[in-house]
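Please read this short report with the sequence and the 3D view side by side.

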Number of protein chains: 2
Amino acid sequence: MSLLRRLDHVAVVIRDTDEALRYFSGSLGLRVTSSEEIRAPAVRLTYLDTGNAYLQLVEPLDSESAVAHWLEEHGEGVHHICFGVDDVLAAASGLAVGAGAGGDAVPGSGRGRVSSFVPGEPRHGVRIECTEFRHADDVERTPGFLA
Amino acid sequence: MSLLRRLDHVAVVIRDTDEALRYFSGSLGLRVTSSEEIRAPAVRLTYLDTGNAYLQLVEPLDSESAVAHWLEEHGEGVHHICFGVDDVLAAASGLAVGAGAGGDAVPGSGRGRVSSFVPGEPRHGVRIECTEFRHADDVERTPGFLA
C-alpha cells in the first residue's frame, strides 16, 4: 500500500519557456494544456500532455528562488518528479524518511492544485513532490495515451 | 500529432538496487513489477509501478558503460525519461533534431522491449529514450492509478 496514487508530472527546469516549447512542443509534438505564472516561487509553469501524465516546464522568473539557484548551478534538466496523492501534506510528511517536519504546502501551485515537496535532501538524487490526485480529471477523462 | 504515445518510465540511476529499493519500494511503497539483468549495457533494470507509468531503477554492473560513467560523474539521480512509441527506430531518429543518424536500437532492453535513445546531446538537459508502446499491456490492463 502506497501513499502515491499516480505519477502526476516530470518537471524540467528551463531558462526560457518559448525556447523550450520549440523543442518539447514543436519537435516532440506534445500539446500544451496550460501555462501560468505563480508567485511563490516566482515561476512560469507550462504543462504538456504525455497521454498518461504531464511534462511540466518550470521557468524561474526571478533569481531568488531555490529553483532559480538550482538552474544556475545545474543548468537545465529534470528537477523533480511529482506524484498525485490523496492528502498532500500527510503524504509529503509521511514520505520524508527521518527528515522530521513536513514541507510547506503551496496552494494552487500548478493547475490550481495544492502541492508540497517532500522535505529534506532528495534521496538517491530524486527530488519528490506531492500534489492532489483528482480521479475524474486525471483518470476518467483521459485515455492514458496520445491518439 | 506526436510520435510519442505515452510516458513509459522515468529512469533513475542508482549504485545498488537493494539499497535503492529500501527507499523506492519500502518507503514510497511502490511495487516492483520486474527486475532483470541485461548485457549491453551491463545493467540491472528494476521496474516499479506508479499506477500510470514506471519508475525504472538502473544499476550499472560494470564500470565501462556510458551510464556507469554518468553515475561516477553525476551521482545518483534521474538519467532519462522514456516514451512509448509505435516505431522505436523511426521515432528515435525522427526526434533527433538536427542530430543526423539514428541511435542504436537495443532489443529487449527492458521488459523485453526494443528501445533506443534519441541520438545526439540531450536537449534542455533531458535525455529521451523511446521504447515500444503496447496498448494492451500499457493501457487496457492498467487502471492508471494505484488503488
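Leaving aside its neighbours within four places in sequence, with which residues is Ala42(B) in contact? Ala42(B) is in contact with Glu59(B), Pro60(B), Leu61(B) and Asp62(B) once those neighbours are set aside, where contact means heavy atoms within 4.5 Å.

The model is predicted: local features need pLDDT of at least 70, side-chain atom pairs count only at pLDDT 80 or more, and totals for chains, interfaces and linings use all residues. Residues are numbered from 1 along each chain as its sequence is written, chains are lettered from A and ligands numbered from 1 in the order in which they are written, and side-chain values use heavy atoms, with hydrogens and water left out.

**Two residues and their surroundings**

Ala42(B) sits in the loop between S2 and S3 of chain B. Helices (H or I, at least four residues) and strands (E, at least two) are DSSP runs, numbered from the N terminus. With a relative accessible area of 17%, Ala42(B) is buried; buried means under 20% relative accessible area, exposed over 50%, and partly exposed in between (1.4 Å probe, protein chains only).

In chain A, Leu21(A) belongs to helix H1, residues 17–27. Not counting residues up to four places away in sequence, Leu21(A) touches Gly26(A), Val32(A), Thr46(A), Leu48(A) and Leu57(A).

The table gives the separation of one pair for each of these residues.

| Pair | Apart in sequence | Apart in space (C-alpha to C-alpha) |
|---|---|---|
| Ala42(B) and Ile14(B) | 28 residues | 14 Å |
| Leu21(A) and Leu48(A) | 27 residues | 9.4 Å |

**Helix H1 of chain B**

In H1(B), residues 17–27, the buried residues are Thr17(B), Ala20(B), Leu21(B), Tyr23(B) and Phe24(B). They lie on the same side of H1(B), because they cover an arc of only 165 degrees around the axis; the arc is that of the directions from the helix axis to the C-beta atoms. An α-helix has 3.6 residues a turn, so residues three or four places apart point the same way. Asp18(B), Arg22(B) and Gly26(B) are exposed on the face turned away from the buried side.

The buried residues of H1(B) pack against strands S1 (4–13), S2 (31–38), S3 (43–49) and S4 (54–60) of chain B, together with strand S8 (128–132) of chain A. At the start of H1(B), a side-chain oxygen of Asp16(B) comes within 3.3 Å of the backbone nitrogen of Asp18(B).

Chain B is superposed on chain A by a rotation of 180 degrees with 0.0 Å of shift along its axis (RMSD 0.0 Å). The two copies are therefore related as by a two-fold rotation axis. Copies are superposed by least squares on the C-alpha atoms of residues with pLDDT of at least 70 in both. Asn52(B) comes closest to the axis of the residues of chain B, at 3.1 Å (C-alpha).

Between the chains, 43 residues of chain B are in contact with 42 residues of chain A. The area buried between them is about 3,700 Å², of which carbon and sulfur atoms give 65%. Buried area is the accessible area (1.4 Å probe) that two parts lose on being put together, summed over both.

**Cysteines**

Over all chains there are zero disulfides, a disulfide being a pair of cysteine sulfur atoms within 2.5 Å. For Cys82(A), the nearest cysteine sulfur is that of Cys130(A), 6.8 Å away. Cys82(A) is buried, with a relative accessible area of 0%.

Conventions. Polar contact = N/O pair within 3.5 Å; in protein donor to acceptor, adjacent residues only side chain to side chain.
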